[in-house]
Amino acid sequence: MADTTASKHPPSINGGNIVTDIKNLSSVLRTRRTVTFAYGFMFAFVAFTIFLAFSPSPNSSSPWFANIFSTSTSTSAASSDSYRSQFSSIFSYFLPNNTSAATSQEQGRGFSSPPSQNATRSNNSLSQSPSTKTEVKDPPSVKNLTQSTVLQPNRTANSSAVVKEPAFANNRTPTAVNSDKGQVLKPNQTTVANPTTNQVGANKSENTPTKSGSLAKEGSGNQDKGDAGKTVASNSTASPVKKQSNAMKQSNETNSGMEVKQEFDNLVQNLANCDFFDGEWVKDDSYPLYKPGSCSLVDEQFNCIHNGRPDKGYQKYKWKPKGCTLPRLNPHDMLDMLRGKRLVFVGDSLNRNMWESLVCILKGSVKDRSKVFEANGRHHFRGEASYSFVFKDYNCTIEFFVSPFLVQEWEMPVKDGSKKETLRLDLVGRSSSQYKSADIIVFNTGHWWTHDKTSKGKDYYQEGTHVYNELNVLEAFRKALTTWARWVDANVNPMKSLVFFRGYSASHFSGGQWNSGGQCDSEVEPIKNVTYLREYPSKMLVLEKVLRNMKTHVTYLNVTQMTDYRKDGHPSVYRKQNLSPEERKSPMHFQDCSHWCLPGVPDAWNEILYANLLVNEKQKQQAQKRHR
């Protein structure tokens, strides 16, 4: 009985049951195995995390990885490239979207890491030193934002750079330097124009533009860094890349246009405060503004080269004011300013000199010369002729009205039935009604007031029915200008028309006057010393006083001193080819030392006119902005 009981219940050890002890021991062993497995898993996770931290993907933008190890040098990075690339590829194969997810999180936060130790920033441009690992982060994702990755040239095998666009405040956009081209992205520029085709050699890495909001992934078939730089594979098709390239090109062109416009605005602002007529003539081989002999409009008396003048140095001067740089006349710009307008010259043959100069400058810039023509030949208004050239593509005309005194030449009947020539000081020129509504009017008078009849003033000047027995020429000049000024104030609309008055152009007769053997044929250089210039003409003092008393604003083109320097610029004996029998006997006695060869001095008058029109155009734009 005792034996049976003992068989059914195993003997106890130290007062306990053996089965129960075995079960308890098994339970303890299972708990320890679980703990051991847990500790092993934790250790593996920590080790794997540390591995990832020391070998981030080139496209990874996880902020805590980048920031913790951003100060690591490229030397240590290079030493572990061989095994990193292998594990990185394996990891990318199993977890292809890890970098995109990290990037999305980072962009959502608008995170930007500081530059690395060897990166310097100047004028919003990034300068990258060799053998430096640099990351520049992307800005926050914006709808329809086109991102571009810029090729960083001349990278060595030891320099791995992940180029990304940083986040800028106040709408500032990223800038990058292309060391081959030397071009820097300018402020407010959104993209960089990449070459359409890039040949990437050894030790260079190629970055291609990616789709909007996406980052390029690292290709699985990359070569080792020691042989060639990493290639960033693009998922975008050729069509989006081409569109993006075109957009970037347009952006660069727009940005360049903005810079040119700013420079132009600064130039015009400088011109507005400049005295154009205080300056000097300087040599410039880029002149003249049009090729000699290329303009058939030039009258024979101004066509000195055609008439055999051997020297051409007089064509190579430009006028340079002391206080500013006079812009070279751009014919396309001037025609744009004249679009749909009339520009009229009114005065004597010196204004004809200026008119022919401007037509030749502008005509030479028009591709289709058939669209520049003289309108209906010449018109005559009782002895006052007019000429008009039409620029059809611009719907503008440049005209000249002959009116050497600006007041009317008259014929007074006398007792014997004959007529006597007089000058009506109280009547403006007959053709005035033809040009009073012109958009730009350039007046002049002066040279005809030096002729014998006008300078002597005997039985010549008339007001009403009264003919003066004798009248001082300066007083007659004042009366005539006063008549002209009153007509301008009464008939010209200053809100529509710009009015200019070109001053007296200097003559250089030596040994006599134009009809008494005066000469200038030996002059081939301008006057260099201001002490040799003549006194300011008293007639121009009269003119200035009249202009000051006018209601209408008139811009005074005071060319007197600037022309006084140019004793070399007259036709002299080269005023015509076919001389009369009397001229052949003594050709030196028939010289023209009043008018100017073309190309020549009048071209500079037109450059000053052009500068004035630029200033006026800018002031008009500013006035329109203020009234908006």
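The following paragraphs go through a predicted model, from its overall make-up to single residues.

Local features are taken where pLDDT is at least 70, side-chain atom pairs count only at pLDDT 80 or more, and totals for chains, interfaces and linings use all residues. Residues are numbered from 1 along each chain as its sequence is written, and side-chain values use heavy atoms, with hydrogens and water left out.

The protein has 16 helices and 20 strands; helices (H or I, at least four residues) and strands (E, at least two) are DSSP runs numbered from the N terminus. Of its 628 residues, 42% are buried. Here buried means under 20% relative accessible area, exposed over 50%, and partly exposed in between, with a 1.4 Å probe and protein chains only. The exposed surface comes to about 34,700 Å², of which carbon and sulfur atoms supply 52%; accessible areas come from the Shrake-Rupley method with a 1.4 Å probe, and for residues only the protein chains shown count as cover. Among contacts (heavy atoms within 4.5 Å) with a separation of 6 or more, 76% are between residues 24 or more positions apart.

Helix H12 (473–491) has 19 residues and spans 27 Å from its first C-alpha to its last, close to the expected 27 Å. The expected span is 1.5 Å times one less than the number of residues. At the start of H12, a side-chain oxygen of Asn472 comes within 2.8 Å of the backbone nitrogen of Leu474. The buried residues of this helix include Phe477, Leu481, Trp484, Trp487 and Val488.

Val488 is also one of the residues touched by Thr552; the others are Asp489, Pro494 and Val499, leaving aside residues up to four places away in sequence. Thr552 sits in the loop between H13 and strand E20 (554–557) and is buried, at 6% relative accessibility. Its side chain makes a polar contact with the side chain of Asp489 at 2.8 Å. A polar contact is a pair of N or O atoms within 3.5 Å; within protein, one must be able to donate a hydrogen and the other to accept it, and residues adjacent in sequence count only if both atoms are side-chain atoms.

Side chains of opposite charge can pair when their charged atoms come close. The structure holds 17 salt bridges, each defined by a side-chain nitrogen of Lys or Arg within 4 Å of a carboxyl oxygen of Asp or Glu. In one of them, Lys453 meets Glu421 with 3.1 Å from N to O. Lys453 lies in helix H11 (residues 452–456) and Glu421 in strand E15 (residues 419–428), so this pair ties together parts 32 residues apart in sequence. Lys453 is partly exposed at 43%, and Glu421 is partly exposed at 49%.

Asp439 and Lys496 form another salt bridge, with their closest N and O atoms 3.1 Å apart. The two residues are 57 residues apart, Asp439 in the loop between helix H10 (432–435) and strand E16 (440–443), Lys496 in the loop between H12 and strand E19 (498–502). Asp439 is buried at 15%, whereas Lys496 is partly exposed at 43%. Glu523 pairs with Lys567 at 2.5 Å between the closest N and O atoms. Glu523 lies in the loop between E19 and helix H13 (538–548) and Lys567 in the loop between helix H14 (560–564) and helix H15 (581–585), so the bridge ties together parts 44 residues apart in sequence. A network of salt bridges links Asp299, Arg352 and Glu356.

On the surface, Val35, Phe37, Tyr39, Phe41, Met42, Phe45, Val46 and Ile50 form a nonpolar patch with about 900 Å² of accessible area together. Patches are made of residues with over 30% relative accessible area and no salt bridge, like charges being joined within 9 Å and nonpolar side chains (Val, Leu, Ile, Met, Phe, Trp, Tyr) within 5 Å. Tyr39 belongs to helix H2 (residues 18–54) and is exposed at 58%.

The bond from Tyr287 to Pro288 is cis, with omega near 10°, and Pro288 lies in the loop between strand E7 (279–283) and strand E8 (317–321). Leu598 and Pro599 are also joined by a cis bond, with omega about -5°. Phi is positive at Asn395, near 50°, and at Leu406, near 70°. Asn395 is exposed at 60%, while Leu406 is buried at 2%.
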